[in-house]
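User: I would like to check the labels on this structure. Please give me the cut-off behind each one.

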Amino acid sequence: DPVVELKLNRTKAFNALDDELLETFLSRLQETAFDESVRGVVISAEGKAFCAGGDLRWSSNQSTGVPAALHKLAGCFHQCVLEIRRMPKPVIAAIDGVAAGGGFSLALACDFRVMSESAVLLQAYTSSGLSMDGSGTYSLPRLVGLAKALEIAAFDEPIPADKALEWGMITKTAPPGHALEEALFMARQLAQKALYSFAWSKRLLTDSFHTPYEMQMDLERKGIADCAAHPDGQEGIRAFMEKRKPEFGGS
């Protein structure tokens, strides 16, 4: 199977993020990024929650104090998010149960999101007197627009699956208990496509928000030439000329 499932597993803490979980998660993401046998990643969770966010109980027990503990935790979390955004393979979140705080940001950082019809997204940070991290302030306004993002931050109302789909926050919904199944199916579909092309497209689209116009076009020019030189690009062009379906398999 070309798809790897990375499963959060601190069920007693509703998969809240502490330093140990994040360090292990980062290590797994880095290994997966360089494993040429892997063509897709699904992030899921054990238990009743996808992720309850940063572990405030852990932060409160640190001798350095809560501000320093959260500063450290956010740094570890941000390294994980960067690995996801730079992952040259599709990353899909399978959301069953609540995704709150850091779990909310983690889900938004993925390329695609499959959400159970019984699951809930909850921004959560501002209700605890905190501001968003985990690239939430970057991802959210780009998915829903600035005005809606500010509304979500200010009022912090639970967002059910149907509303999340309507607002463009998720890719698709699934029957209760079937988000992982749908996410794996989607990942296996994507695994059959041109992975090198996906990696370039993901990079170009992600960077387009802060890259100057002319520089973006220079990167596009480099990207299309690079893809054409890759075995996937060569196969895609041959298949187009021969009027057949391409068979991709390049790393």
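User: Why is Lys7 called partly exposed?

Analyst: Buried means under 20% relative accessible area, exposed over 50%, and partly exposed in between (1.4 Å probe, protein chains only). Lys7 has a relative accessible area of 38%, so Lys7 is partly exposed. A note on the source: this is a predicted model, where local features need pLDDT of at least 70, side-chain atom pairs count only at pLDDT 80 or more, and totals for chains, interfaces and linings use all residues. Residues are numbered from 1 along each chain as its sequence is written, and side-chain values use heavy atoms, with hydrogens and water left out.

User: What makes Lys7 and Glu5 a salt bridge?

Analyst: The definition asks for a side-chain nitrogen of Lys or Arg within 4 Å of a carboxyl oxygen of Asp or Glu. For Lys7 and Glu5, the closest N and O atoms are 3.5 Å apart. That is a salt bridge. The structure holds 16 salt bridges.

User: Arg10 forms a salt bridge with Asp18. Is Asp18 buried or exposed?

Analyst: Asp18 has a relative accessible area of 8%, so Asp18 is buried. Arg10, with 24%, is partly exposed. Their closest N and O atoms are 3.6 Å apart.

User: How do you know that Glu235 and Arg238 are separated by about one helical turn?

Analyst: They are 3 residues apart in helix α11, which means about one helical turn. Helices here are DSSP runs (H or I, at least four residues), strands likewise (E, at least two), numbered from the N terminus. Glu235 counts as buried because its relative accessibility is 10%. Arg238 counts as partly exposed, at 41%. Salt bridges that share partners join Glu235, Arg238, Glu242 and Arg244 into one network.

User: Which residues touch the most other members of the largest nonpolar core?

Analyst: A nonpolar core is a set of buried Ala, Val, Leu, Ile, Met, Phe, Trp, Tyr and Cys residues joined through side-chain atoms within 4.5 Å. The largest has 49 residues, and Phe25, Phe50, Ile95, Phe104, Leu121, Leu140 and Met169 touch the most other members. Helix α3 (residues 66-86) gives the most to this core, with 7 residues. A second, separate core of 12 residues includes Val42, Ala94, Ala174 and Ala179.

User: Why are β4 and β7 said to stand at the edges?

Analyst: Two strands pair if DSSP finds at least two bridges between them. The open sheet has 3 strands in the order β4-β6-β7, with mixed pairing. β4 (98-100) and β7 (159-160) each have a single partner strand, so one side of each is left without a neighbour in the sheet. β4 and β6 (residues 120-122) pair in the parallel sense over 3 bridges.
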